[in-house]
Amino acid sequence: MKHTSKILSVFLILMPAVCFSGEWKSGISWKKPEVLKGKAAVTTPAPEDAVILFDGKDLSAWNGGEKWLVKDGYAEVRKPSISTKQEFGSCKLHLEWAAPEKVKSSGQGRGNSGVFLMGRYEVQILDSYNNDTYYDGQCGAIYKQHPPLKNVCNPPGEWNSYDIEFSAPVFEGEKLVKPAFITVYQNGVLIQDNWKLQGSTAWHKPPEYEPHGPKGPIILQDHGNPVRFRNIWIQEIKNNSEN
């Protein structure tokens, strides 16, 4: 009996790893987002109070930025992912990106990257122009949580823009007292409308909030595709709970 109890205890400890060792899927049958074409990227200049994260010259504001290619006013993804040296909470973030002009794959292997708020809440970047994949993983999705309201991806090689308004979660100790909310415009079109995040975004496990500080880095993901970025700036916004 003691031997059986020990086996059961080990199984219960390892069970979460067993359950989520592969891809996690929500099981929700999402409706395919409507496709809108011909929406040009919005090349908004940075406001006076914005923090410039990339002006086309260098990635000195980023950890690991020296590993990426900077050329002709854009930065192209190389290994590894990069993160901002400065941390941010609630914010308005503008960035412009382009999927590789030469198409080499399909689905999640085509123009894949992502922008992570606070290092853990991802807005998916993907070449979703005539490229089907699961809807909560296509371009503009809150990854594995909510598909975009519209698919407004431009053809490979052409520029897209994201304007993201992010309200950071608030914790009191271990307790979540206010979830995160996010609004996203792609090429001037609303694709996420004040969506309440269910927690962090991950490929291998369901969303879950884990207590963290009021600020975190912005991360641009290396997913093995030479996605390009330009004109990245951010404005900090104070939560009502902040002084």
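Which residue forms a salt bridge with Glu34? I found Lys150, with the closest N and O atoms 2.5 Å apart; a salt bridge here is a side-chain nitrogen of Lys or Arg within 4 Å of a carboxyl oxygen of Asp or Glu.

Ground rules I noted: this is a predicted model, where local features need pLDDT of at least 70, side-chain atom pairs count only at pLDDT 80 or more, and totals for chains, interfaces and linings use all residues. Residues are numbered from 1 along each chain as its sequence is written, and side-chain values use heavy atoms, with hydrogens and water left out.

Back to the pair. Glu34 lies in strand 1 and Lys150 in strand 10, so they tie together parts 116 residues apart in sequence. Strands (E, at least two residues) are DSSP runs numbered from the N terminus. Glu34 is partly exposed at 41% relative accessible area, and Lys150 is too, at 26%. My cut-offs: buried is under 20%, exposed over 50%, partly exposed in between (1.4 Å probe, protein chains only).

Next I checked Glu76. Its side chain meets Arg78 in a salt bridge (2.7 Å, N to O). Shared partners join Glu76, Arg78 and Arg228 into one network. Glu76 counts as buried at 8%, whereas Arg78 is partly exposed at 32%. Glu76 also stands opposite Arg228 in strand 17.

Then strand 17 itself. I see it antiparallel to strand 7 over seven bridges; pairing takes at least two DSSP bridges.

Last, the largest nonpolar core: 43 residues, meaning buried Ala, Val, Leu, Ile, Met, Phe, Trp, Tyr and Cys joined through side-chain atoms within 4.5 Å. Strand 7 gives the largest share, four residues.
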